[in-house]
Number of protein chains: 2
Amino acid sequence: MNSDSPNAVVLVSGGLDSATVFAYAQSKGYRCYALSMDYGQRHVSELKFARRMCAKLGAVEHKIIKIDLSELGGSSLTDHDQSIPTGDTEGIPSTYVPARNTIMLSVALGWAEVLDSRDIFIGANAIDYSGYPDCRPEYIETFETLANRATKAGVEGATFKIHAPLIDMKKADIIHLGCKLGIDYSQTISCYQATFSGAACGICDSCRIRKQGFLEAGVNDPTVYL
Amino acid sequence: MNSDSPNAVVLVSGGLDSATVFAYAQSKGYRCYALSMDYGQRHVSELKFARRMCAKLGAVEHKIIKIDLSELGGSSLTDHDQSIPTGDTEGIPSTYVPARNTIMLSVALGWAEVLDSRDIFIGANAIDYSGYPDCRPEYIETFETLANRATKAGVEGATFKIHAPLIDMKKADIIHLGCKLGIDYSQTISCYQATFSGAACGICDSCRIRKQGFLEAGVNDPTVYL
């Protein structure tokens, strides 16, 4: 990678998927700028993991942008009075945060335009996931169209690309990819109710999907569970 | 208007257009929830006007969500080291804030979903405006498509509508509409470099478009200029 490499903005949460995407984007030759959101999530400790991972993987810069989505309500992920579902739920679970990925991609788009970058990476996954609408291919495609209509760069002829390289992968395959790219998954956290020290509950949706992924991948699960 | 009236989220900046849109949405029978963004704009005094206007017009609630877009840079509207253009400029001016309307509409979408509202109003205008890409009809249409793909409500069959009733109107016609709806435009501010007390420079793009609008409308311009 050198200064001629194209810039990319990579959304980084501190979790398994986004760490993998970050390493993947780097392996494709991008100079990666990492973006995280401090949005009032109850598992704010994920940002500590994000910071550490970005430093370790060599992000050109890592910005944590603050916007308090708990002011809008509507999600057990930002509302501490609701409990996080730990069993099977019907339909889209209460951990869905209204418009969260749209807000995050929008901020990423703004930064990408400023950086003269045309490439935004997101760790969205539509296979082993919780059924969130803003993780599906048709959503990503529509955001890409929007990006090109929303921006000065787009109007002037640039083409933004929203990369979601994990979108069709099973969690086990994501873990295999990350292992190949050298990711140390003990330095990532996926739990919706992670403690400040970074221990995972093991029973929320996100923990269960992650746990099952390591099991199916035949890779030792390095997560610290409560 | 009663409790059976549909809820709407209205983006409110403190300026002439959004005040008109707010009154317009009310006139159509919506219970209006106002949303403003404290995004690091240099004319932050517009939020004082927004607050006052929302109280006067009877917003059910007015939220001001904070996200510091000056951290991303790339705009003379958030970067105090750049000057605001005051003459004719070629192309899209430096006051364009990368992805700003997309970020604001995304937050509005999140709130709309929580409020069980399907209607979002924005004062975008593509006639007497500064050429911003995220004020054009094709942009608004694409965001509407996105809204329906991004959300739990959309997936479950709801249809969001992004209303931009001013999009094809000349500024003079917007002023006529607002006057008919009883807007007191002395209580709005459009200037990009408005002072804290709310005086307008009279020479930035936004001031010039507004001034010309009052002139063409044949309506007394109540703006306090420096």
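**Exercise 1.** Which residue just after α3(A) takes a positive phi? Describe its setting in this predicted model.

*Solution.* 
Step 1. The residue that takes a positive phi, of about 60°, just after α3(A) is Asp116(A).
Step 2. This value is positive in a residue other than glycine.
Step 3. Asp116(A) lies in the loop between α3 and β4 of chain A.

**Exercise 2.** Determine how the span of helix α3(A) stands to the expected one, and state how many of its residues are buried.

*Solution.* 
Step 1. Helix α3 of chain A covers residues 100–114, which is 15 residues.
Step 2. From its first C-alpha to its last, α3(A) reaches 22 Å, close to the 21 Å expected at 1.5 Å a residue.
Step 3. Of the 15 residues of α3(A), 14 are buried, and the helix is mostly covered.

**Exercise 3.** Characterise helix α1(A) by its span, its burial and the elements around its buried residues.

*Solution.* 
Step 1. α1(A) has 12 residues and spans 17 Å from its first C-alpha to its last, close to the 16 Å expected at 1.5 Å a residue.
Step 2. The helix is mostly covered, with 11 of its 12 residues buried. Among them are Val21(A), Phe22(A) and Gln26(A).
Step 3. In chain A, the buried residues of α1(A) pack against the strands β1 (7–11), β2 (31–38) and β4 (119–121). They also pack against the helices α2 (46–57), α6 and α7 (205–217) of chain A.
Step 4. Just after α1(A), Gly29(A) takes a positive phi of about 95°.

**Exercise 4.** Classify the packing of α1(A) against α6(A) by angle and by handedness, and list the residues that meet.

*Solution.* 
Step 1. Helix α1 (residues 16–27) and helix α6 (residues 171–180) of chain A pack at an angle of about 45°, and their axes are 9 Å apart.
Step 2. That angle makes α1(A) oblique to α6(A).
Step 3. The crossing in which α1(A) passes α6(A) is left-handed.
Step 4. On the side of α1(A), the residues are Leu16(A), Asp17(A), Ala19(A), Thr20(A), Ala23(A) and Tyr24(A); they meet Ile174(A), Leu177(A) and Gly178(A) in α6(A).
Step 5. By class, the residues of this contact of α1(A) with α6(A) are 6 nonpolar, 2 polar and 1 charged.

**Exercise 5.** Describe the side of chain B that touches chain A, beginning with the number of residues in contact.

*Solution.* 
Step 1. The contact joins 35 residues of chain B with 35 residues of chain A.
Step 2. On the side of chain B, two or more residues come from each of β3 (61–66), α3 (100–114), α4 (137–150) and α5 (152–155).
Step 3. α3(B) gives the most to this side, with 9 residues.
Step 4. The residues on the side of chain B that touches chain A comprise 19 nonpolar, 9 polar and 7 charged.

**Exercise 6.** Is Ala99(B) buried or exposed? State also its phi and its place in the chain.

*Solution.* 
Step 1. Ala99(B) has a phi near 65°, a positive value in a residue other than glycine.
Step 2. It is placed in the loop between β3 and α3 of chain B.
Step 3. A residue is buried if 20 or more other C-beta atoms lie within 10 Å of its own. Because Ala99(B) has 29 C-beta neighbours inside 10 Å, Ala99(B) counts as buried.

Key. Residues numbered from 1 in each chain as written. Chains lettered and ligands numbered in written order. Predicted model: local features only at pLDDT ≥ 70, side-chain atom pairs only at ≥ 80, totals over all residues. Helix = DSSP H or I, 4+ residues; strand = E, 2+ residues; numbered from the N terminus. Expected span 1.5 Å × (residues − 1). Axes fitted to C-alpha atoms, helices over the stretch in contact; angles between N-to-C directions. Parallel < 35°, antiparallel > 145°, perpendicular 65-115°, else oblique. Left-handed = near helix turned anticlockwise from the far one by under 90°. Contact = placed C-beta atoms within 7 Å. Nonpolar A, V, L, I, M, F, W, Y, C, P; charged D, E, K, R; others polar.
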